[in-house]
Amino acid sequence: MESESKTYPSNVTAIDAGYGVVQDVAPTSVFGKIAKFFELDSAHKDRNSNDDLDPVPPEKRTWHSRHYALFWISDHLSVSGFRAAASVIQVGLSWKLALVCIALANVIQGVWITWNGIVGARYHIPFSIQSRASFGMYFSYVMILMRMIVGIFWYGIQAYTGAECVRSMIYAIWPSFHNVKNTLPASAHIDTQMMTAYVIYFLFCLPLHYVGIQKIKWLFLVKSITTPIVCFALLGWTIREAGFGKSSLFSTGNTVHGSKLGWAFMGSLYSNIGGGVTLMVNAPDYSRYATKVSSTFATAWAVPVTATVMAFIGCVVAAGSKVLYGAILWDPLLIIDHWTSRGGRAAAFFCAFSFFLSQLGLNVAANSLAAANDMNCLFPRYVNLRRGQFIAAFLGSWALTPWNILTSAPAFLNFMSGYSVWLGPLCGILISDYYFVHHGKYNTFELYNRNGIYRYFYGFNWRAALAFTIGWVPLLPGFLPTVSSIQVSIQMVHLYNLGFFYGFGAACLSYAVICYFFPAKETYLEKGVFVDDVVYSEESNSSYDIELRANQPKPEYSQEKVY
């Protein structure tokens, strides 16, 4: 099918005109009245959207290069970043090779996040809207749901880490908290001390969800100042107290060799990339706020530099802990809990408080916002970013009970860690569609039109479905042993260790090839149609009560590349 050029009446919005304006009818049933009560004032029922889901208006595009640099620096300056090298060294790599592995993984993460983020920076749309261009209006909901589940899950896991920071802060202020009697049963898998800290951390998160990410850029600035101070102070203290290179951690080389070393390296590389593949997928959720496209390029260097430096500090401090305490402690919170003198407790509090701020920003930026954007798209009449973040917070923190997952559900934890089996192909199709199939040319308004050019076959793009299947199915056999007792051939395990590279590459290439031979010509444009191609009505209460300056260009088959 081909889209006709349209001229919209001045009283009809450009996005609404795709399928008419829905008249508001007062509900009569009890259920209808309840639904009406929770309905958003900003909801646009006619096009299944709301103000938070719409393209970001100019007045809200306030993020510069420094904001993105601080955003990603603060994301990696965390307890999780401190522990990054632990799992790599445990599989047999030396500390030097572990740092190389982490650096390479984060270079890939930084480049891919920047690459996919350009879509958001140019069209000012979130991932949930971007996915419609490749998967179709309704099939994209499957991808959105997958991403939302990951965000909610990791919110709970990171909330537990945040609670550990709070517990260390309380230990530093009131050492007697160590002696608080546990009143919870052993089956709860959490004690009274930890539950107290968990509730405190959760309550501190809620105001940040209320005000929104636009108003907490200060938090990323503060934590990007305080956390490096703490990390380098820990580094200096460790070198002074324990020396450098005295630990067996530094003297031990690779404990596996030959092909086993190569596959151990690839497995660790895949694991570290997998931890960031969710951020690659939903990069437009952040880049949509950019003042200009180049503002997001800071991501490409901020991610690998910060992650590698943090991992190096973690290695040195962990090695020093072996000399000082007789055991390698990869968790900085366990180290500062040993500081029991008056001055030591003050230092411990400052360190724990810094990591606490880090966990607040990390959970809001990397998890709750992503899940909220996804819920916003799935339920646009009732869920905006604020409500979505609250829902993600309650589900992740209390419905999932992360303390149970961490202590008694290792298979489920392995399953979520291997989730990149599906997210890698998803990312590959997004990249392929934008750069190689549509050559950077989307029609923003058609992305919000349920009956528009991106509907494909009843909202389903079979090309993306086929490429997605090619990307993940061959990895499934190698994934199964990580979550069950099923044994498979070593070749399947090796393919799984190449998971991201195969999944992303196979899906990206196969999608481009399929679209080359079976093009959806109605979606190919001579030039992209941006939200800035419109006039914002000064009389409207909404930034998106808009009309086109001229007729939308008629979509025609074109292979001209315009990024």
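This report describes helix packing, aromatic pairs and selected residues in a predicted model.

Residues are numbered from 1 along each chain as its sequence is written, and side-chain values use heavy atoms, with hydrogens and water left out. Because the model is predicted, local features need pLDDT of at least 70 and side-chain atom pairs count only at pLDDT 80 or more, while totals for chains, interfaces and linings use all residues.

## Helix packing

Helices (H or I, at least four residues) and strands (E, at least two) are DSSP runs, numbered from the N terminus. Two packed helices are described by the angle between their axes and the distance between the axes. The axes are lines fitted to C-alpha atoms, for helices over the stretch in contact, and the angles run from 0 to 180 degrees between N-to-C directions.

| Helix pair | Angle between axes | Distance between axes |
|---|---|---|
| Helix 7 (residues 140-173) and helix 16 (residues 342-378) | about 165 degrees | 8 Å |
| Helix 5 (residues 95-123) and helix 24 | about 25 degrees | 14 Å |
| Helix 5 and helix 20 (residues 420-437) | about 55 degrees | 11 Å |

Helix 7 and helix 16 pack at an angle of about 165 degrees, which makes helix 7 roughly antiparallel to helix 16. In this classification, angles under 35 degrees count as roughly parallel, over 145 as roughly antiparallel, 65 to 115 as roughly perpendicular and the rest as oblique. The crossing of helix 7 and helix 16 is left-handed; a crossing has this hand if the near helix is turned anticlockwise from the far one by less than a right angle, and is right-handed if clockwise. At the contact of helix 7 with helix 16, the residues comprise 26 nonpolar, nine polar and three charged. Here Ala, Val, Leu, Ile, Met, Phe, Trp, Tyr, Cys and Pro count as nonpolar, Asp, Glu, Lys and Arg as charged, and the others, Gly among them, as polar.

Helix 7 has 34 residues, which should span 50 Å at 1.5 Å a residue, and this agrees with the 49 Å between its end C-alpha atoms. The expected span is 1.5 Å times one less than the number of residues. Helix 7 is mostly covered, with 28 of its 34 residues buried. Buried means under 20% relative accessible area, exposed over 50% and partly exposed in between (1.4 Å probe, protein chains only).

Helix 5 takes part in two of the tabulated pairs. Helix 5 and helix 24 are roughly parallel to each other, whereas helix 5 and helix 20 are oblique. Helix 5 passes helix 24 in a left-handed crossing, and the crossing of helix 5 and helix 20 is also left-handed.

Histidine 124 is found in the loop between helix 5 and helix 6 (127-135). Although histidine 124 is not a glycine, its phi is positive, at about 60 degrees. Histidine 124 is buried, with a relative accessible area of 6%. Helix 6 itself is largely enclosed by the rest of the structure, because nine of its nine residues are buried; among them are Phe127, Arg132 and Phe135. Just after helix 6, glycine 136 takes a positive phi of about 100 degrees.

A further positive phi in a residue other than glycine occurs at threonine 401, with a value near 40 degrees. Threonine 401 lies in the loop between helix 17 (385-399) and helix 18 (402-408).

## Aromatic pairs

The structure holds 47 aromatic pairs. Rings of Phe, Tyr and Trp (its six-membered ring) pair if their centres lie within 6.5 Å; planes under 30 degrees apart count as stacked, over 60 as edge-to-face and the rest as tilted. Phenylalanine 457 and tyrosine 458 form an edge-to-face pair, 4.8 Å centre to centre with 90 degrees between the planes, and both residues are exposed. Ring pairs also link a cluster that includes Trp112, Trp115, Tyr123, Tyr434, Phe501 and Phe530.

Valine 531 is located in the loop between helix 24 and strand 1, as is aspartate 532, helix 24 covering 499-517 and strand 1 covering 534-536. Valine 531 counts as buried at 1% relative accessibility, whereas aspartate 532 counts as partly exposed at 38%. For aspartate 532 and proline 58, 474 residues apart along the chain, the C-alpha separation is 8.4 Å.
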